[in-house]
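Here is a friendly walk through one protein chain, written for someone who likes cut-offs stated beside the values. Please have a look at the sequence and the model first.

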Amino acid sequence: QVQLVESGGGLVQAGGSLRLSCAASGGTFSNVFMGWFRQAPGKEREFVAVISWSGDSTYGADSVKGRFTISRDNAKNTVDLQMNSLKPEDTAVYYCAAGRTRLPGPHIRYDYWGQGTQVTVSS
């Protein structure tokens, strides 16, 4: 069974940094797009960033561009999200996801999801 496990969440002051990691196991991950999503209390899940298999193509939400960087290590089946200049509005549970099917625009049909890791940014 395919599993995605996030780690690295925690409490950080506004302006600080965190690095999240997602470890994938239980399947083959060639040609897989990997994405990060987040869900804040009382709000719907929103897209954060996505990266292609090769790692040379990425796309991020406007709210995090210039602050967050997505990367992957295919040899280790891991995907990271480096978060800098964190703001209180970044507080959310962060999820990683994987899929192979491209949809219109920058979207992917995500078939696998992790359980999430909590990120809390205090002011």
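The report below covers the sheet, the disulfide, the aromatic rings and a few single residues.

A word on ground rules: this is a predicted model, in which local features need pLDDT of at least 70 and side-chain atom pairs count only at pLDDT 80 or more, while totals for chains, interfaces and linings use all residues. Residues are numbered from 1 along each chain as its sequence is written, and side-chain values use heavy atoms, with hydrogens and water left out.

**The sheet**

Strands (E, at least two residues) and helices (H or I, at least four) are DSSP runs, numbered from the N terminus. Two strands count as paired if DSSP finds at least two bridges between them. With that in hand, an open sheet of four strands can be read in the order E1-E3-E8-E7, with antiparallel pairing. Its edge strands are E1 (3-7) and E7, each of which pairs on one side only. From one strand to the next the twist averages 15°; the axes behind such angles are lines fitted to C-alpha atoms, for helices over the stretch in contact, and angles run from 0 to 180 degrees between N-to-C directions.

Which strands does E8 join through six bridges? One is E3, antiparallel to E8, and another is E7 (residues 68-73), which also runs antiparallel to E8. Gln-82 of E8 is the bridge partner of Arg-19, and Thr-69 stands opposite Gln-82 as well. E7 and E8 form a hairpin with four residues between them, and Asn-77 in the turn has a positive phi of about 55°.

Is E8 mostly covered or mostly open? Strand E8 (residues 78-83) is mostly covered, with five of its six residues buried. Here, buried means under 20% relative accessible area, exposed means over 50%, and partly exposed is in between (1.4 Å probe, protein chains only).

**The disulfide**

The structure holds one disulfide, a term that stands for a pair of cysteine sulfur atoms within 2.5 Å. Cys-22 and Cys-96 are its partners, with an S to S distance of 2.0 Å. The pair links distant parts of the chain: Cys-22 sits in strand E3 (residues 18-25) and Cys-96 in strand E9 (residues 92-99), 74 residues apart. The torsion about the S-S bond is about 55°, so the disulfide is right-handed. Both Cys-22 and Cys-96 are buried. Cys-22 also has a place in the sheet pairing, as it stands opposite Val-79 in E8.

**The aromatic rings**

Rings of Phe, Tyr and Trp (its six-membered ring) pair if their centres lie within 6.5 Å; planes under 30 degrees apart count as stacked, over 60 as edge-to-face and the rest as tilted. The count by this rule comes to five aromatic pairs. Phe-37 and Phe-47 form an edge-to-face pair, at 5.6 Å centre to centre and 75° between the planes. Phe-37 lies in strand E4 (residues 33-39) and Phe-47 in strand E5 (residues 46-51), so the pair ties together parts that are 10 residues apart in sequence.

Ring pairs link Phe-37 and Phe-47 with Tyr-59, Tyr-110 and Trp-113 into a cluster. Arg-45 lies over the face of Phe-37, at 5.5 Å from the ring centre; the rule for a charge over a ring asks for NZ of Lys or CZ of Arg within 6 Å of the ring centre and within 35 degrees of the ring normal.

**Single residues**

The table gives relative accessible areas for some residues.

| Residue | Relative accessible area | Class |
|---|---|---|
| Phe-37 | 10% | buried |
| Phe-47 | 23% | partly exposed |
| Gln-3 | 44% | partly exposed |
| Thr-58 | 48% | partly exposed |
| Ser-52 | 9% | buried |

Thr-58 belongs to strand E6 (residues 58-60) and touches Val-50, Ile-51 and Ile-70. Thr-58 and Tyr-110 are 16 Å apart in space, C-alpha to C-alpha, and 52 residues apart in sequence.

Ser-52 lies in the loop between E5 and E6. The contacts of Ser-52 are Val-32, Phe-33, Ser-57 and Arg-72.

Methods. Contact means heavy atoms within 4.5 Å. Lists of a residue's contacts leave out its neighbours within four places in sequence.
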